[in-house]
Each structure stands twice: as structure tokens, then as C-alpha cells.
Amino acid sequence: HSHSLAVQLATPARVGGAARVERITAVASGRYHVVAVGAQSGAVLSWGLNDHGQLGRTALSGTRRRACSHGPRCHDGEPSTGPLLSSPVLPRVLRVAAGRYFSIAVTASGRAYAWGRCACGRSDSPWTRSLANASADSAQGAQRGLSQLQPYRLMGGGLEKERVVDAVAGYTHLLLRTAEGSLFSCESGDDGYGGRLRDKPRFNQFGQLGRYGPPLTPRRIAASSLGTPPLRAIAAGRCASYAIDGRGAPYGWGCSQASGLPLPERDTPTRIVALSTQPARSIAAGEYFAVAVLENGTLLTWGVATGSQRPRQVRGWGWGSSVAKASVPVTLLVRSCARRWSVCHVWVQWWQLGTSTH
């Protein structure tokens, strides 16, 4: 997309629309869209770009502001919910996650739902089978059929027998943590560019799923490779994944640019030894970098954004300042919001800020 529409929001502004009416308890940002959870309603609010139905509702297109469900000009900067984002379709949502072109919701009943450009857990669908079995060229038609507004329940690999409590999304893959202590992974089925790439990458090309087997079916990552249960936290970058075990030991796998490991791509979870000075409490990931908070409050960062694969302490913050002699992370994945407002992106390009600055 062209960056000619980018508008900088220099100071935090309160998010408007339905997000101003009720308290927000969870929020996540994709590349150009945001999903949040309303405390009172338990419904999902969404705003931003809707080119692949990732908002889960109709938006507006063109200068005439016509209703649309997808398309390159389909967007809505007003946080809002819709009949597909609330009960009975999505009863009482607790957590949300957002990939590049898809969204995920975890309900109070322990079920996970997805919508947008996602084929994970849809083994009954003809185009899902085409994606899994066909070559890149012949899968092009199936790629066109991926996008949808309607949330569907993620199932397969035994996931439906467990209670999902958390979900995170990378560019094209997702992780699901359950109350029973399992960690499931799955590919969305997209190539990362809305099906536009001619030379499409292989599923799980960088080992970001942390396991072998069908990439479009949720499958458990071996518990023996994830340290001491239960897992404290999970995170997903563009092509890397992370987890913190019950003792605070961090693990990473996937592409080496962000895994924190000065090694080739790892397709199974590997402990990040450089973070062993203190137990880790939480972790988040950007495109090719990651940040972790230790129990003593120290914030460490590593990956391409820092120019280093060794975790380094964050000492500065803000535009023009440095983070351990490195650039500042520009996207924050926020787990809980303040009572009045919270901002997930610092740029307005596809109306993802949800403010009146469009």
C-alpha cells in the first residue's frame, strides 16, 4: 500500500465510537486493523482496513461510503461491533488477537473463533484441502476464497476437547494456549500478501509452528519441548514464536531474524539462554523483533530492530530516542487497556487508530 495516506498522531488520543461508550478490557492490532473487547457487552469492537473481512462486519468503501464486506478500499475508522461479533455468534469474548489479514476471539466458554483471511481448522472446506495439497500455482484459486466475515470455531487436532484461554497471531500463523496446559499452533493459509505472491512460501517454512504435521489443522506442540508447565505467556512475530514456561524460562522458535538465537531457523522450541539472568514475566513480538519483561522489571529487546540477536536492555523511549542504541519499536500489543483509552498504533494509514483523525 502507498504511504501517502499516513498521518502521524503525535500525542495519545482517546479512541472514539463504541470504544468510548464502554470500558475496554482487551485489544490487539494487526497490520492495518484493530480488535478490542467491551467489558459490559463482551462483544468484539473492530476498526481499520477490511480488505479481507478481518473486521468481522461491514465497513465503508469509496467516496460515496457504500457498505462493503471486503475489497482494497473497504475500511471503517469508527470502532463498532456487529451481529457477527457479539452473542449469540460470539458469546462473551475475553481475549482477541490479530494477524495481518485475520482476527481471533477467545470466549469465556473456552472456544476460539477466527474470521478474515484464515483457513486454520477448516478441514471440511474444499479450498482448505486445495491449499494443503496443491502446488503454489494451482492453489491460487483457493487463495481467493479464503476471506470471510463470518467467525467460525477453530477445531481439529483435539483442540475442541480443551479450554482455550489465550491466543496470539503472527503474520500468517497463530498460537492457542489452553487451560489444560497445551499449546496449539496453526497456519492461516495466506501467503502474507493476500494471495498476491507468485512464488508463495511453503507453510511453516521457518518452523514457526514449532511442530510437524498438517499446517492448517491446530496441533499440539510437544509439551516436553516447552519447559515447566503451565505456560505463563505466548507471543508471535512475523515468522517466529515465543513462550514463557512456569518458571519464567523463555523459549523461541521460527525465523532466526527474531528468534533471539544466533542460529539457523529452529522448528522446535529452544530456550533463549541469554534471558536466563532473571525469570521472564511477559513477552511480545513485532515483525522481526521481540521484547520481554523480567521479574525485576527490566525490559529487554532483541531482533532486527535492535541490530542484535542478543537481548539488550531498553534504556530510551520515544520518537528520536534510541533503544539500546537501536530504533524504537513502533507497534505495541496491549493485553489490557486503561479505563478510558488505549492506543495500539502510532500511525494512521488505514483508519486503525479509531480517532476522529482520518
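Me: Two strands count as paired if DSSP finds at least two bridges between them. On that basis, how do E13 and E14 run, and how many bridges join them?

Reply: They run antiparallel, with five bridges joining E13 to E14. Strands (E, at least two residues) and helices (H or I, at least four) are DSSP runs, numbered from the N terminus. This is a predicted model, in which local features need pLDDT of at least 70 and side-chain atom pairs count only at pLDDT 80 or more, while totals for chains, interfaces and linings use all residues. Residues are numbered from 1 along each chain as its sequence is written, and side-chain values use heavy atoms, with hydrogens and water left out.

Me: What sits in the turn of the E13 and E14 hairpin?

Reply: Four residues separate the two strands, and glycine 181 in that turn has a positive phi of about 100°. Across the pair, leucine 176 stands opposite phenylalanine 184 of E14.

Me: Which other strand is joined to E14?

Reply: E15 (residues 219-220), antiparallel and through two bridges. Serine 185 faces arginine 219 of E15 there.

Me: Is E14 buried or exposed?

Reply: Five of the five residues of E14 are buried, so the strand is largely enclosed by the rest of the structure. Buried is under 20% relative accessible area, exposed is over 50%, and partly exposed lies in between (1.4 Å probe, protein chains only). In a regular strand, side chains alternate between the two faces of the sheet. In E14, Leu183, Ser185 and Glu187 are on one side, Phe184 and Cys186 are on the other, and all are buried.

Me: Switching to the core. Which residues touch the most other members of the largest one?

Reply: Ile104, Cys118, Cys120, Leu154, Leu174 and Leu176, out of 18 residues. Two or more residues each come from E9 (102-107), E10 (112-117), E12 (164-169), E13 (173-178) and E14 (183-187). A nonpolar core here is a set of buried Ala, Val, Leu, Ile, Met, Phe, Trp, Tyr and Cys residues joined through side-chain atoms within 4.5 Å. Another core of 17 residues lies apart from it, including Ile272 and Leu294.

Me: What is leucine 176 in contact with?

Reply: Leaving aside neighbours within four places in sequence, leucine 176 is in contact (heavy atoms within 4.5 Å) with Ala112, Leu154, Leu159, Val164, Asp166, Ala167, Ser182, Leu183 and Phe184.

Me: And how many disulfides are there in the whole structure?

Reply: Three, taking a disulfide as a pair of cysteine sulfur atoms within 2.5 Å. In sequence order the bonded cysteines pair 1-2, 3-4, 5-6. Cysteine 68 is joined to cysteine 74 at 2.1 Å S to S, and the torsion about that S-S bond is about 95°, so the disulfide is right-handed. Cysteine 239 is joined to cysteine 255, also with S to S 2.1 Å, and with 85° about the bond that link is right-handed.

Me: Which parts of the chain does the pair of cysteine 120 and cysteine 186 link?

Reply: That disulfide, 2.2 Å S to S, links distant parts: cysteine 120 is in the loop between E10 and H2 (126-133), and cysteine 186 is in E14, 66 residues apart. Both cysteine 120 and cysteine 186 are buried.
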